[in-house]
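Dear colleague,

I am handing over the structure we spoke about, with the sequence alongside. Please look through it first, and then read my notes below.

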Amino acid sequence: MDLTAKELSNITEIKLSYSNTVNPNERPQINNSWEAYQLLLKCWDHEKIEMVMQYKVLLMNTKSRVLGLVNIASGSAFSVPIDYKQIFAATIKSGATSMIVAYNHPSGDSKPDNAELAVGKKLENAAKLLDIRLLDNLIITLDGYYSFQDEGITSYKLPDSHLDCKG
């Protein structure tokens, strides 16, 4: 098939890029769930943490150094829509090899329900297909957090996961 110049101009170019200006040695390194919680809590909008659910993803390299934080979605007081394509598009675009997903519970109760456990497992299985390690799934509140990794729900481990650093 021979395409004319006009037909070629009707094809949209898709660009994949990731711009990082931070020196690799200056990026925060996450070694356990407590460190992830502390970093996420600093980045969370404290005016919304007890009002609406938000879903975020920490993207990391092979040394568990943070490449970036992606705000995936904001929802209501009791749910947040999750678009798996958005999560993995950001992960792939950044070149991340691992990630930690996090969302808050406005109620202050950090325990997951069965639907959240199922979503976590689905996300982990999808990540495995792409050779991306889902290191943890954190439920954030102002008073603490719930770590799927600490509870043995995820199969991947953080580098120093033998440490019990819940605070």
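In which strand is the place of Gly-144? In this model, which is a predicted one, Gly-144 belongs to strand 5, a run that covers residues 144-147. Gly-144 counts as buried because its relative accessible area is 15%, which falls under the 20% limit for that class. If neighbours within four places in sequence are set aside, the residues in contact with Gly-144 are Tyr-37 and Ile-139. I also looked at Leu-41, which is 103 residues away from Gly-144 along the chain, and the C-alpha atoms of these two residues are separated by 9.5 Å.

The second topic is the pair formed by helix 3 and helix 4. Two packed helices are described by the angle between their axes and the distance between the axes. Here helix 3, made up of residues 84-94, and helix 4 have axes that come within 12 Å and cross at roughly 40°, so helix 3 is oblique to helix 4. The crossing in which helix 3 passes helix 4 is right-handed. On the side of helix 3 the contact is made by Tyr-84, Ile-87 and Phe-88, while helix 4 contributes Val-119, Lys-122, Leu-123, Ala-126 and Ala-127. Sorted by class, the residues of this contact between helix 3 and helix 4 are seven nonpolar and one charged, with no polar residue.

How many salt bridges does a search of the whole structure find? The search returns two.

One of the salt bridges joins Glu-124 to Lys-121 through their side chains, at 3.5 Å from N to O. Both residues lie in helix 4, which spans residues 114-129, and they are three residues apart, about one turn of the helix. As to accessibility, Glu-124 is buried, with a relative accessible area of 1%, whereas Lys-121 is partly exposed, its relative accessible area being 40%.

The other salt bridge is between Asp-83 and Lys-85, whose closest N and O atoms are 3.8 Å apart. Are these two partners buried or exposed? Asp-83 is partly exposed, with a relative accessible area of 30%, and Lys-85 is exposed, with a relative accessible area of 66%.

Technical notes
Residues numbered from 1 in each chain as written. Predicted model: local features only at pLDDT ≥ 70, side-chain atom pairs only at ≥ 80, totals over all residues. Heavy atoms only, no water. Salt bridge = Lys/Arg side-chain N within 4 Å of Asp/Glu carboxyl O. Buried < 20%, exposed > 50% of the residue type's maximum accessible area, 1.4 Å probe, protein only. Helix = DSSP H or I, 4+ residues; strand = E, 2+ residues; numbered from the N terminus. Axes fitted to C-alpha atoms, helices over the stretch in contact; angles between N-to-C directions. Parallel < 35°, antiparallel > 145°, perpendicular 65-115°, else oblique. Left-handed = near helix turned anticlockwise from the far one by under 90°. Contact = heavy atoms within 4.5 Å. Nonpolar A, V, L, I, M, F, W, Y, C, P; charged D, E, K, R; others polar.
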